[in-house]
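Thank you for making time this morning. I would like to walk through a few pieces of one chain, and I will start as soon as the picture is up.

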Amino acid sequence: MGLLDFLRPTNANAAFLRPYFDNLRAGKLTTTRCPKCGVSLWPPRPFCPGCLHDALEWVEVPPEGSLYTWSEFHDKRFSVIFKVPYVLGAVDLPNGLGRLITRVRAKPADLRVGMPLKLVVMKHKSDNKEWGVVEAEPK
Amino acid sequence: MNKVAVAGVGVPLPCGVHKGRTENEMAALAVRAALQDAGLAMADLEGLYAPPPFTPREPLLGLNLQMLAMELRLQPKRMAEVAMGGCSGALAIKFAAQEIALGNLETAVVVAAAREKSVTDEFVLLAMKHRLLPETGMPWVEPLTHQPFLLYSVIPLYAMSARRYMHEFGARPEHFAMAAVRNRRHARRNPDAAFRDPITVEEVLKSRTLSEPITLLQCCAQMDGCAALVLTTETRARKLKKTPVFLRSIGEAHDNSSFVPVDGVAGTVASFVAAKRAAAEAFKRGGLAPKDVDVTDVYAPFAPQELIIPEDLGLLPRGGMVSAIEQGLTDASGDIPINTDGGVTSRGHPWPVTPLYEFVNIVRQLRGEAPNQVSGARIGMVQAEGGMVNSSVVALLERER
């Protein structure tokens, strides 16, 4: 067991986020939607900041997006379960939902700003548990 | 409202590694140096302000204002730590200045001390080794917008900002390297700077890649350091030995994102909206325009942001820094001098102290006593940031004609 293998996501202990992590483990990226305003919120929230309603529903985020920007990461001191180098990208989610930062499974030479991507949920082990992590791939 | 002046500045130790000292000792030395510079006595200080300690209070103590007051034999009427990430030091100055402007205090000192380098070496690595850090994650807060296990460093976020700037304005990695080289050129003449040996664009580009296009020599240098500023009323400042430098205006803005715009995709990372709004507020309140500014210090955590932030401040049009850095326009001898003390990459970056270093440099510039003096500088600007530049403070300072 490596030095950092005990890590789990910083937010994993938040009760309201349990569905988020459970859904990821089941292979789906989800977020909260306010049924009163009809607005999807990214990232998930405990209540709607617009109308303060707190009975939010979980909805699936369409597993696609476009590449806003990226960087190839080389610093192994801060790489926990992934081998460097890997590409980190900022992905614009559909319908103006927001932006997601994650690994892009591609070579830097194959990347261009604005290219369409699909999102895939990969499984990774840490802290003796399986975690779902959303990654991106060229479409 | 009283006009507020900077009466004294103190940097008693160069930015560097100070393993054999405590934060409180370094803070006390900085207060002493600022008092000597102002020609004031300890008993003149009515307010004591600081950014929060970098070091966790337990078990290492770190900067502690109540103990510092005891050690200085100071009985402050007012005392506070002011905290908002990296711009805390600038907000501590703003808070102290407001107390003076309101007439609650006549003279106050703002001080910062941090052993970011030594404490990281001595404590953080040890704590990680023995798993003393919380098991719920790394000390860096991981927003849900960032997928877990991938990103325990802020460097890739700034690198992605750099990539986007390259895409929008045709900048190349060489341009970022030129900013690091400019900072080093300035640091060569600054005795308070941590890194003073000359470097070239090639050396910067060939140094270790952390997150491309950012290489090691484009990074802020976490270091140990301390600094203090004595603020007072206009009336009192005019009776003191040093030329008073007045705080003309302060702007402040915060963008509700942690680098990633959360409610919509309109946000850009090739520009920082908080820096833009803070500058606009400072210029409006001060009745000045960017063209009036003679010298500027920016808090740009990595070399690519050395190009982006001056544009946000209005010193250049969008994308204008690409040719400006090629032409040396932001050198101390150029038309738009920036970071004449060496900036965070070469002067060094104990983050709680950085905004104070910036104010100290601009005050020295306006007094005519800076290491890379801009001839005739009369209006100066300081920009400090927090978070992922989603907090910004911009201050305009002036010397009378």
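In this predicted model, helix H4 of chain B, residues 88-101, has twelve of its 14 residues buried, so the helix is largely enclosed by the rest of the structure. Among those buried residues are Ala90(B), Leu91(B), Ile93(B) and Ile100(B), and the list also includes Lys94(B) and Glu99(B). As for its length, at 1.5 Å a residue H4(B) should span 20 Å, and its end C-alpha atoms are 19 Å apart, which agrees. Just after H4(B) comes Gly103(B), which takes a positive phi of about 85°.

Let us move on to strand S4 of chain B, residues 107-115, where nine of the nine residues are buried, so this strand too is largely enclosed by the rest of the structure. Both of its faces are covered, with Val109(B) and Val111(B) among the buried residues on one side, and Val110(B) and Ala112(B) among those on the other.

Which strands does S4(B) pair with? Three bridges join S4(B) to strand S2 of chain B, residues 47-50, and these two run parallel, whereas nine bridges join S4(B) to strand S7 of chain B, residues 224-233, and that pair runs antiparallel. Ala108(B) takes part in both pairings, as the bridge partner of Gly47(B) and as the residue opposite Leu231(B) in S7(B).

Finally, helices H7 and H11 of chain B pack at an angle of about 90°, with their axes 7 Å apart, and that angle makes H7(B) roughly perpendicular to H11(B). Their contact includes Phe176(B) of H7(B) and Leu307(B) of H11(B), and by class it has six nonpolar, two polar and two charged residues.

Conventions:
Residues are numbered from 1 along each chain as its sequence is written. Chains are lettered from A and ligands numbered from 1 in the order in which they are written. This is a predicted model: local features need pLDDT of at least 70, side-chain atom pairs count only at pLDDT 80 or more; totals for chains, interfaces and linings use all residues. Side-chain values use heavy atoms; hydrogens and water are left out. Axes are lines fitted to C-alpha atoms, for helices over the stretch in contact, and angles run from 0 to 180 degrees between N-to-C directions. Helices (H or I, at least four residues) and strands (E, at least two) are DSSP runs, numbered from the N terminus. Angles under 35 degrees count as roughly parallel, over 145 as roughly antiparallel, 65 to 115 as roughly perpendicular and the rest as oblique. Contact means heavy atoms within 4.5 Å. Ala, Val, Leu, Ile, Met, Phe, Trp, Tyr, Cys and Pro count as nonpolar, Asp, Glu, Lys and Arg as charged, and the others, Gly among them, as polar. The expected span of a helix is 1.5 Å times one less than its number of residues. Buried means under 20% relative accessible area, exposed over 50%, partly exposed in between (1.4 Å probe, protein chains only). Two strands pair if DSSP finds at least two bridges between them.
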